[in-house]
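Open the model in your viewer and keep the sequence panel beside it. At each stop, select what is named and then read what is there.

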Amino acid sequence: MIKKTDFLVIGSGIAGLSYALKVAAFGKVTIVTKKKIQKSNTALAQGGVAAVFSELDSFDLHIQDTLDAGDGLCTEEVVKMVVENGPKRIMELAHQGAHFNMAGDGERDFALGQEGGHSVKRIVFAQDLTGKEIEDTLVARVEENENITILEDHIAVNLITFSTIVRNGLVVTQNENICCGAYVLNNETGEIETFYSGITLLATGGASKVYLYTSNPDIATGDGIAMAYRAGASVANLEFVQFHPTCLFHPEAKNFLISEAVRGEGAFLIDEQGRRFMEDYSPDKELACRDVVARAIDNELKKTGAESVFLDISHKDATFIKQRFPNIYAKCLEYGIDMTKDPIPVVPAAHYMCGGVATDLNGKTDVQRLYAVGETACTGLHGANRLASNSLLEALVYSHNAYKASLEEFKTIGNKIAVTLDPWDETNTTDSDEAIVVSHNWDEIRRLMWNYVGIVRSDKRLQRAKRRIENIQQEINEYYWDFKVTADLIELRNLATLAELIIQSALIRKESRGLHYNIGYPDRDDLNWLQHTILKKTF
């Protein structure tokens, strides 16, 4: 049976939920999310949303900070548009019920924090749980909306695309590919369901689970980017993977992030001897951009052989620390670390994809009726390195732009176009009796990406990674077509696709810029490489 919806939203973070709420006024919306609706990168965001609210700040300053962080590769038109629309989108969130820390009684009197790369305080926050506050607010509004259907424990398998359509009974062949929906695995039943949609929005978040050590939740497997690429959409700048400098180093902590806001409030980075080392790497010290700080820590660890460095804010007032960072304080205490007295052991971890599905100013991809927003997309805002707290900002602004543009496209569809969708075919497949293949390849991909395609790269390491991922891809593809699809297999296939695309992109760029550092090409080369890295599948 074909399930029909006007708008299909794949993902349930800030971008997908914001979009769903707006288009729900004009049609039926289906949200597909592979775990519970609150499970997303958004919910884990600690720091906040960057926007201009201070009298000491300006759009020009925020624009310049973003351009500086992006190391020459930001699209200036995009940066200007996002920065100038940011305050409106944050006020919209506040009116929907999000409670941010306030410094005064006026509705725009937000308390503002500072993070690396920002020249002034401009981070709107809700203690150190900003993402959770935003996610909870949006989920509450979505659950109240009768036009929105939420499908939890469902995972998209592939997008459904056509270049041949039927209009008024006549077959019409078009050059442009058209997205007409998706195949979706219902985890509860094990069945693959076929969804037809007028508009499809990818908001599946990031892909940093492709690395062994990451701040991301287990769901961050790059599903949207991989599906879009397979469907013929262009992807861009996937060599630029942001490693957050300060992930808690503890055997039981898994992926707990120590927010950049801790450094913004005066924390020092020190080595095992208590020496501050960031002044050796940047005049901005701990408030340098993330790529600089992450490479500095990586270099210190390789130089000394230490397992971690330390983040020390114990010189600040204990009451202030507990009030400003209640979640981080409580989590560290669980592991026997009192951050009011002790330095916190930290290491870099894969954190954010600056690249993704290439879009225009409205989140539109080069596949008709397919949009991408949030970390799934590459809009040109981040360039070669994302400025801290610009990610939630981008998601808010682009979900609004996508709503306006896709609504206009949706109005042109009407009932004129009819397509015949084929149901998922599981003929000649059986239940897998070798799950070890999935778990082994999952582990091998994440280890080879960490060792060969990490913070510091070389052509030799990248070539080794390329050969290994090609062998893994072949094994996964054979497995994929022989056995019934499971959620683990879908994620493994997407991870392998992402790994291959990151490696390809990194091999193409023969320079060091932003988050891509190649020891064979240590300098930035604007003459030859001031351009985006675009990959598109050939059929």
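## Stop 1: a loop residue

Select E191, which is found in the loop between strand 8 (170–186) and strand 9 (192–202). Strands here are DSSP runs of E with at least two residues, helices are DSSP runs of H or I with at least four, and both are numbered from the N terminus. Before going on, note that this is a predicted model, in which local features need pLDDT of at least 70 and side-chain atom pairs count only at pLDDT 80 or more, while totals for chains, interfaces and linings use all residues. Residues are numbered from 1 along each chain as its sequence is written, and side-chain values use heavy atoms, with hydrogens and water left out.

Is E191 buried, exposed or partly exposed? Its relative accessible area is 49%, so E191 is partly exposed. Buried means under 20% relative accessible area, exposed means over 50%, and partly exposed is in between, using a 1.4 Å probe and protein chains only.

Now show the surroundings of E191: leaving aside neighbours within four places in sequence, E191 is in contact with V184, L185 and N186. Contact means heavy atoms within 4.5 Å. Then select N471 as well: N471 and E191 are 280 residues apart along the chain, and their C-alpha atoms are separated by 29 Å.

## Stop 2: a buried threonine

Go to T376, in the loop between strand 16 (370–372) and strand 17 (377–378). T376 has 0% relative accessibility and therefore counts as buried.

Which backbone nitrogen does the side chain of T376 reach at 3.0 Å? One is that of T204, and the backbone nitrogen of G205 is also reached at 3.0 Å. Not counting residues up to four places away in sequence, T376 touches L202, A203, T204, G205, G224, I225, G356 and V357.

## Stop 3: helix 6

Step along to G232, which follows helix 6 and has a positive phi, near 105 degrees.

## Stop 4: helix 11 and two partners

Select helix 4 (residues 76–96) and helix 11 (residues 391–413), whose axes come within 8 Å and cross at roughly 90 degrees. That makes helix 4 roughly perpendicular to helix 11. Axes are lines fitted to C-alpha atoms, for helices over the stretch in contact, and angles between N-to-C directions run from 0 to 180 degrees. Under 35 degrees counts as roughly parallel, over 145 as roughly antiparallel, 65 to 115 as roughly perpendicular, and the rest as oblique.

In helix 4, the residues making this contact include M81, N85 and R89, and in helix 11 they include L393, V397 and N401.

Show the side chains where they meet: I14, A15, S18, Y19, K22 and V23 of helix 1, against L392, A395, L396, S399, H400, A402, Y403 and S406 of helix 11.

## Stop 5: helices 12 and 13

Select helix 12 (residues 436–452) and helix 13 (residues 459–482), which pack at an angle of about 165 degrees with axes 10 Å apart. Helix 12 and helix 13 are therefore roughly antiparallel to each other. Among the residues that meet are V438, I445 and L448 of helix 12, and L462, I469 and I472 of helix 13.

Stay in helix 13 for Q473. Its relative accessible area is 10%, so Q473 is buried. Not counting residues up to four places away in sequence, Q473 touches A496, T497 and E500.

## Stop 6: helix 14

End at I502 in helix 14 (residues 487–508). I502 counts as buried because its relative accessibility is 0%. Leaving aside neighbours within four places in sequence, I502 is in contact with V210, Y211, L238, E239, V241, M353, M449 and V453. Finally, select L462 again: L462 and I502 are 40 residues apart in sequence and 9.8 Å apart in space, C-alpha to C-alpha.

Note on methods
A polar contact is a pair of N or O atoms within 3.5 Å; within protein, one must be able to donate a hydrogen and the other to accept it, and residues adjacent in sequence count only if both atoms are side-chain atoms.
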